[in-house]
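Visitor: I have the sequence and the 3D view open. Could you walk me through them?

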Amino acid sequence: MLSVLSVEVRKLNRSLALLLALAAPGLIALFVFFNLLRQKAPQPWDMWMVNANAMWAIFMLPMTVTAMTALVAHMEHGPRAWDQLRALPRARSSLYGAKALCVLGLVGLMSVLVMGMTWGAVTAGVQIKPELAPTGVFAAGKYAGQLAAMFAAGLLMIAIQFWTAMRFASFVPALALGIGGTFFAVVAASAKQGVFMPWQMPVNMLATESWRVQTALGLGGGLGLLVLILAVAHLARREVL
Amino acid sequence: MVRMIETERLTRRFGARTAVEAVSMTVPDQAVYGFLGRNGAGKTTTLKMLLGLIRPTAGTARVGGVDVGRDRIGAARKVGALLEAHGFYGNLTGRENLDLSRRLLGLPPSEIDRVLAVVEMRADAGRRVAGYSLGMRQRLGLARAMLGAPPVLVLDEPTNGLDPDGIAEMRGFLRGLPGRTGATVLLSSHLLGEIEQIATHVGVIHQGRLVLEGELAALKAAEASEITLRVDDPQRAAAVLRRWDLTLVEGADGMIARLWPGQDHDQVAAGLNRALVEQGVRVFAFGARERSLEGLYRQVTENTQSLPEAA
């Protein structure tokens, strides 16, 4: 499995997927940087970091997962590489499993970058306007915990987007699904029913009601893992005509 | 005879459409087997079943003695494939692309230089594949198929899209492949002329059925003789020749009289010539037509086509 995973990572070399992994958290950091510069008074670290996490969960994470899964799938769909890959003497489940792990790794990396780049943006802004230095403590454990919970709650969304992107050679079904899911996640962010919607589960990690956090985490993480395993099994078994 | 590829009544249906029907083919060890058929005849579907990419509706396929249906991975270890869609990653170099397959096959790094040397691609291996010509991609695909020196190579339309020089180069390369590597080569094509110059054995698939198979030299030797004629009045000539037990076909350069297998070519030719002259038909050209794969192909595909009409 490690050799297949290393092959998947090598395929990312000079690819758009790697660029996207840097661009998405970078955009949040850029927004935070300019937002800090327009402030009149210093704000607490919590405000900057939790807001960045919220931006990540509500919009950037679903959109990035949509684009990332589509790009990773298109690395094979584009040059019609599936036949060549699937003809190799390897269990096909390992090929799809490695792809899924690769996507999860990239989303995990982006989650880390959201935190790191946001911290960097605030620190850089303070270099220009020292009077805006954030107040309070930088609770790294809390911010990292939120991002980890968002990652876990996003598993169901990742599994659905992953299966759709791998199953259909065209970009359209995966993009339509992802854009649609993100649209409802944004316009109905506070709706109670949103806790059952895969694209809205990550942002529910910031909810004040614990049942929403627990439900979204349980469904997104638990069911998500199951759906991801089933997706890999189905993709490995189906014929690519 | 060691059979490196063998199928038994291999069948594949897509819904109501039968793409491949009861194909039983045999590819001997170290043969260059030309798998012929027009586009849509069932060549690629058959190759995909041999590679375990799609499951047969019925029948079995064995590669290197391993049943593809029972042990796909075991059969895949015996075969290297060049498919119509190359499946290269344009953002990576030729060498990096080969390295991906090498890692998946669990081969040592030295294997890359070996196969690059075979296809004479070492100088260009450091360039990104996105900048490769089609011919270079074909050669890189061949290099990838040869990773690990598999005993069987399956090549789907290896001359597709190549310019005349590229085709000539590929022809020379494929012809010498069994001698150099000991591999058995199964190559599909719809280019009869190319197959005739490369293959030692042929199989013709038509409308999903294998209508001809065998050693090319033996098939050509057994082919019915043909006589080409160029006359002043083809209609009158046809009326004269209809009395003879043969088939008349309009060719590009005149008429073609196709004899039945076993008929004495010289005797029939002398008789035809005499009859035409006696009936006042002016004969400008008269000669034996060279036995060709195209002739064989036409015979078997036309016969197959005429069957439903006759029924």
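Visitor: Which residues in H5(A) does H1(A) meet?

Guide: A word on the source: this is a predicted model, where local features need pLDDT of at least 70, side-chain atom pairs count only at pLDDT 80 or more, and totals for chains, interfaces and linings use all residues. Residues are numbered from 1 along each chain as its sequence is written, while chains are lettered from A and ligands numbered from 1 in the order in which they are written. Residues are in contact if their C-beta atoms, placed from the backbone, lie within 7 Å, and helices (H or I, at least four residues) and strands (E, at least two) are DSSP runs, numbered from the N terminus. From H1(A), A:Val4, A:Leu5, A:Glu8 and A:Val9 meet A:Ser94, A:Leu95, A:Ala98, A:Lys99, A:Leu101 and A:Cys102 in H5(A).

Visitor: How many residues of that contact of H1(A) with H5(A) are nonpolar?

Guide: Ala, Val, Leu, Ile, Met, Phe, Trp, Tyr, Cys and Pro count as nonpolar, Asp, Glu, Lys and Arg as charged, and the others, Gly among them, as polar. In the contact of H1(A) with H5(A), one residue is polar and two are charged. The nonpolar count is seven.

Visitor: How is H1(A) oriented to H5(A)?

Guide: Axes are lines fitted to C-alpha atoms, for helices over the stretch in contact, and angles run from 0 to 180 degrees between N-to-C directions. The axes of H1(A) and H5(A) (residues 92-128) come within 9 Å and cross at roughly 55°. Under 35 degrees counts as roughly parallel, over 145 as roughly antiparallel, 65 to 115 as roughly perpendicular and the rest as oblique. So H1(A) is, to H5(A), oblique.

Visitor: Which element gives the largest share of the side of chain A that touches chain B?

Guide: The contact takes 23 residues from chain A and 23 residues from chain B. On the chain A side, helix H1 (2-11) and helix H4 (82-86) give two or more residues. The largest share is six residues, and it comes from H1(A).

Visitor: How far apart are the centres of domain 1 and domain 2 of chain B?

Guide: Domain bounds come from an automatic or database domain assignment. Chain B is divided into domain 1 (3-214) and domain 2 (224-290). Taken over C-alpha atoms, their centres are separated by 42 Å.

Visitor: Why are H3(B) and H4(B) called oblique?

Guide: H3(B) covers residues 94-105 and H4(B) covers residues 110-118. Their axes lie 10 Å apart. H3(B) and H4(B) are therefore oblique, packing at an angle of about 125°.

Visitor: What is the bridge partner of B:Asp156 in S9(B)?

Guide: Strand S8 (residues 152-156) and strand S9 (residues 184-189) of chain B pair in the parallel sense over five bridges. In S9(B), the partner of B:Asp156 is B:Ser188.

Visitor: Which helix packs on the four-strand sheet of chain B?

Guide: The sheet is open, with the order S13-S14-S12-S15 and antiparallel pairing. Its twist averages 25° from one strand to the next. The helix touches S12, S14 and S15 of chain B, and its direction makes about 165° with that of S15(B). The helix is H11 (residues 265-278) of chain B.

Key
Two residues are in contact if their C-beta atoms, placed from the backbone, lie within 7 Å. Two strands pair if DSSP finds at least two bridges between them.
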